[in-house]
Amino acid sequence: MNNLNPVFAKKFVVDYHFEEVQKLKFALFDQDKSSKQLYEHDFLGEFSCTLGVIVSSKKMTRPLVLTNGKPAGKGTIMISAQEISDNRVITLSMAGRKLDKKDLFGKSDPYLEFYKQEEDGKWMLVHRTEVIKNTLDPVWKPFSMPLVSLCNGDVEKTIKILCYDYDNDGGHDFIGESQTTVAKMSEASNSMEVTRDYSFLDYILGGCQLMFTVGIDFTASNGSPRDASSLHYINSMESNEYLAAIWAVGQIIQDYDS
């Protein structure tokens, strides 16, 4: 209130798609009334750009303009973006010791199932290991999965592990179960590892630079530019396939081109 240098606390969550041109417009108003109708408040200025420009700049400051494109005094707007998706990946190495013998003429053919608890209290299967034949001391292959898939990204959230003896007829014998959390497993042993699966935004915000370069094949096999069947066909009414592709890709890449 009554501030020429406001810092807005509310954050806006938007879906980011690298392969799309996502246009944004920021408009600032001076609120004089309790009305939610913008035309009843004083317009201070606006700024338009793409979401790609914002994420590639990390933090940006730009001048505000009026609707006619002229400067809105000395007003500026500062915008920053942060990726909030959880890119952590968990790798688990599981083993069993002295499991119950369930087969009459053998030992057991054990496998594991991992469940996470939904908001309604129900358990949802998120992973099933391979079957290890004829053993009471199985060692399963290490496997990786997104942490959000296993526990919604919450390392304190309870997960359930069930162990079964595999039978060909589908009547698998229950061996036992255990409930734990990722945090407890991390403290108890070194059989798990949590890493991060870096996204495109991680590379851009980390300083990765892109340079857009175009190369066009002008070999005679593509035909004459005067031939309508040629990829190089020059048509005053519309773009040829090469130009259309360059334009489509270039519109995306330009926001990240260093």
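Contact here means heavy atoms within 4.5 Å. The model is predicted: local features need pLDDT of at least 70, side-chain atom pairs count only at pLDDT 80 or more, and totals for chains, interfaces and linings use all residues. Residues are numbered from 1 along each chain as its sequence is written, and side-chain values use heavy atoms, leaving out hydrogens and water.

**E46 and its surroundings**

E46 sits in strand 2, residues 42-50. Strands (E, at least two residues) and helices (H or I, at least four) are DSSP runs, numbered from the N terminus. Beyond its neighbours within four places in sequence, E46 contacts K25, F26, A27, P63, L64, V65, L66 and T67. T76 is 30 residues away from E46 along the chain, with a C-alpha separation of 9.1 Å.

**Accessibility**

Buried means under 20% relative accessible area, exposed over 50%, and partly exposed in between (1.4 Å probe, protein chains only).

| Residue | Relative accessible area | Class |
|---|---|---|
| E46 | 13% | buried |
| C49 | 12% | buried |
| C208 | 37% | partly exposed |
| I216 | 35% | partly exposed |

**Cysteines**

A disulfide is a pair of cysteine sulfur atoms within 2.5 Å. The search of the whole structure finds zero.

**Surface patch**

I216 lies in the loop between helix 4 (200-205) and helix 5 (241-253). A nonpolar surface patch is formed by F212, V214, I216, F218 and V249, with about 440 Å² of accessible area together. Areas come from the Shrake-Rupley method with a 1.4 Å probe; for residues, only the protein chains shown count as cover. Patch residues have over 30% relative accessible area and no salt bridge; like charges are joined within 9 Å, nonpolar side chains (Val, Leu, Ile, Met, Phe, Trp, Tyr) within 5 Å. A salt bridge is a side-chain nitrogen of Lys or Arg within 4 Å of a carboxyl oxygen of Asp or Glu.
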